[in-house]
Amino acid sequence: AARGSHPNSRRWSFHPPNFVAWRDGTTGYPLVDANMRELAATGFMSNRGRQNVASFLAIDLSTDWRYGADHFESELIDYDVHSNWGNWSKAAGMTGGRLNRFNIVKQGKDYDLHGEYVRTWCPELQDVPNRYVHEPWKMTKDKQSQYNCRIGLDYPVRSYHPPHPLPINAVEVRVRVETTTLITVARKTVEEGAEEQRRDAA
């Protein structure tokens, strides 16, 4: 199990079915699934994809980000220890400042408007029209049959149920508060050290 601590740490979780769905590209979220399947098949993922799937695992699934970093370490053909672990810690909000949560559906529509990318790696969506390709769960059962994409049979049901994740604004506030506390403690330590040096000099 991943262990360790950080001044900005929060209580992480690890729900194996959530992680396996993320790893195998069966979360029911096309953009996440396409990126994870591309990684498994080729060892590569775009920078935009890496940000999205990291945000999804760490924030939406409230999963300990170190499991994701470890998986990338095993799969990426362009793996670099500093970039990988640094980017994952940032995605999880461990570097202080603003926590950047990616809206997966919006990202799909912004960067793959016509669904060419997700259809390449999720052939189950081949016949799904553009309006549903990033949100297939919105199709009625009749439309699922019409477009050969029955949710739960041809393409996964949205599988994750986050174990009581903090609302994103609450996480942001918490990070800011804890970062401010860190700075205050550091300043106090510096001031105490300077005062001790002055006493020694006297």
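S55 is buried, with a relative accessible area of 1%. This value, like the others here, comes from a predicted model. The residue belongs to helix α3. Apart from neighbours within four places in sequence, the contacts of S55 are D60, N100, R101 and F102.

## The protein as a whole

The protein has 10 helices and 0 strands.

Of the 202 residues in the protein, 41% are buried. Contacts between residues at least 6 apart in sequence can also be sorted by separation: 67% of them join residues at least 24 apart.

## Helix α5 and its two sides

Helix α5 spans residues 81–91, and its buried residues are N84, W88, S89 and A91. These residues lie on the same side of α5, because they cover an arc of only 165° around the axis. H82 and K90, on the other side of α5, are exposed.

What do the buried residues of α5 pack against? Their partners are three helices: α1 (16–24), α3 (47–60) and α4 (65–75). Helix α3 is also the one that holds S55.

## The ends of α5

At the N-terminal end, α5 is capped by D80. A side-chain oxygen of D80 lies 3.2 Å from the backbone nitrogen of H82. H82 is also one of the exposed residues of the helix.

Just after α5 comes G93, which has a positive phi of about 80°.

## How α4 and α5 pack

The axes of α4 and α5 are 9 Å apart, and the two helices pack at an angle of about 150°. Angles over 145 degrees count as roughly antiparallel, and α4 and α5 are therefore roughly antiparallel to each other. The crossing in which α4 passes α5 is right-handed.

Which residues meet where α4 and α5 pack? From α4 they are W65, R66, G68, A69, D70, F72 and E73. From α5 they are N84, W85, W88 and S89. Among these, N84, W88 and S89 are buried residues of α5.

Definitions and conventions
Residues numbered from 1 in each chain as written. Predicted model: local features only at pLDDT ≥ 70, side-chain atom pairs only at ≥ 80, totals over all residues. Heavy atoms only, no water. Buried < 20%, exposed > 50% of the residue type's maximum accessible area, 1.4 Å probe, protein only. Helix = DSSP H or I, 4+ residues; strand = E, 2+ residues; numbered from the N terminus. Arc of directions from axis to C-beta. Contact = heavy atoms within 4.5 Å. Polar contact = N/O pair within 3.5 Å; in protein donor to acceptor, adjacent residues only side chain to side chain. Axes fitted to C-alpha atoms, helices over the stretch in contact; angles between N-to-C directions. Parallel < 35°, antiparallel > 145°, perpendicular 65-115°, else oblique. Left-handed = near helix turned anticlockwise from the far one by under 90°.
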